[in-house]
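The sequence and structure are shown first.

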Amino acid sequence: MKLKLAIQKSGRLSDDSIKLLKDCGIDLHNVKDRLKTEADNFPLEVFFLRDDDIPQYVEDGVADIGFVGENVVYEKNKKNEVVEKLGFGKCRLSIGIQRNENYINASYLNNKKIATSYPVIVEKFLKQNNITAEIHEISGSVEIAPGIGLANAICDLVSSGSTLFMNGLKEVETILQSQAVLIKNKHLNEPQQQLLNKLLFRIQSVKKAKNNKYILLNAPNNKLKEIIALLPGMKSPTVLPLATEGWSSVHSVLNENEFWDIIEQLKAHGAEGILVVPIEKMII
Ligand code: ATP
Ligand code: ZN
């Protein structure tokens, strides 16, 4: 029995999808120009598909699970379950209009024409905001639509905003924050679900490790109490005596979000020789 996973064949999510599997200890070989391949060291079969097709394949059970952008999941609106956010492929789906236009709120869009590859998501947004607008569906190069008189506004994926800028547009509304997620078929059998749980456990360990750093520092013993109080750690920090009298070495784990704050306070409390090391996996 193998779990069947669908990932994007070639595009923005491909490398990160393969990298995530690798970080989970799952090696794929022959990924170039293949429709499918098998993992060496995990009962996993991987299909390489267009991202737009992944929700349908998962709904049909051709694949059991898939890695795909939330934007595609919500646009395709298939009967799948979103199981886990994967932490890559981050972008947002935004409304853009011509830079010289005045925009106060979404009512600007009333009676306007919006070009997008995401008609379902845009329709829902318009409904929620009681706006009547015409949606013009196009499959690519959406950002040129206002410039050539095809539409007054666009709705497209944005990461830096430079594509909008280069086309004389400005971002005025974000409708969806998106990242790659793991979706699953709703009718997995027990052995399939067990394999998925095993994979999920690894994915969660990799994600946790990415958000955390291992920190080592030297602390004068008379400040040890205050310094330890600053460190959350997994349980409590490890404290080892140093060869130099009156000093200890303290080891702990810090979350990325609170990282710089805590480092500053540690220094202020007399910590020295602070080392910060990446963590490969974190099993808790
Ligand atoms: P396919 O040939 O598989 O249909 P595509 O051209 O539709 O590919 P890509 O441009 O490779 O898709 O984008 C895949 C996904 O990457 C998007 O659906 C989105 O979730 C994510 N993504 C992240 N950043 C961006 C960005 N700046 N622009 C577009 N997509 C992004
Ligand atoms: Zn696509």
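## Histidine 251

Histidine 251 is buried, because its relative accessible area of 15% falls under the 20% limit for that class. The residue belongs to strand S14, which covers residues 247-255. As the model is a predicted one, this and every other description below refers to computed coordinates.

The side chain of histidine 251 forms a polar contact with the side chain of tyrosine 214, at 3.1 Å. Leaving aside residues up to four places away in sequence, histidine 251 touches Tyr214, Ile215 and Leu216, and also Pro237, Thr238 and Leu240.

## Domain organisation

Three domains make up the division of the protein. Taken over C-alpha atoms, the centres of domain 1 and domain 3 are 38 Å apart.

## The largest pocket

The volume of the largest pocket is about 1000 Å³. Its lining comprises 37 residues, of which Arg12, Asn71, Tyr118, Asp156 and Leu157 are the closest to the centre. Helix H3 (70-76), strand S9 (153-158) and helix H5 (162-166) are the elements that each supply two or more lining residues. By residue class, the lining holds 16 polar, eleven nonpolar and ten charged residues.

## Positive phi angles

Most residues other than glycine have a negative phi. Two residues of this model are described here with regard to that angle.

Asparagine 111 is not a glycine, yet its phi is positive, at about 60°. This asparagine is placed in the loop between strand S6 (91-98) and strand S7 (113-116). Is asparagine 111 buried or exposed? With a relative accessibility of 71%, asparagine 111 counts as exposed, because the value is over 50%.

Serine 141, likewise a residue other than glycine, has a positive phi near 45°. The loop that holds serine 141 runs between strand S8 (134-137) and S9. Its relative accessibility is 47%, so serine 141 counts as partly exposed.

How values were computed:
Residues numbered from 1 in each chain as written. Chains lettered and ligands numbered in written order. Predicted model: local features only at pLDDT ≥ 70, side-chain atom pairs only at ≥ 80, totals over all residues. Heavy atoms only, no water. Domains from an automatic or database assignment. Helix = DSSP H or I, 4+ residues; strand = E, 2+ residues; numbered from the N terminus. Buried < 20%, exposed > 50% of the residue type's maximum accessible area, 1.4 Å probe, protein only. Polar contact = N/O pair within 3.5 Å; in protein donor to acceptor, adjacent residues only side chain to side chain. Contact = heavy atoms within 4.5 Å. 1 Å grid on protein atoms, 1.4 Å probe; cavity = no way out; pocket = protein on both sides within 12 Å on 5 of 7 lines; lining within 4 Å. Points joined across faces, edges and corners; volume = space filled by probe spheres on them. Nonpolar A, V, L, I, M, F, W, Y, C, P; charged D, E, K, R; others polar.
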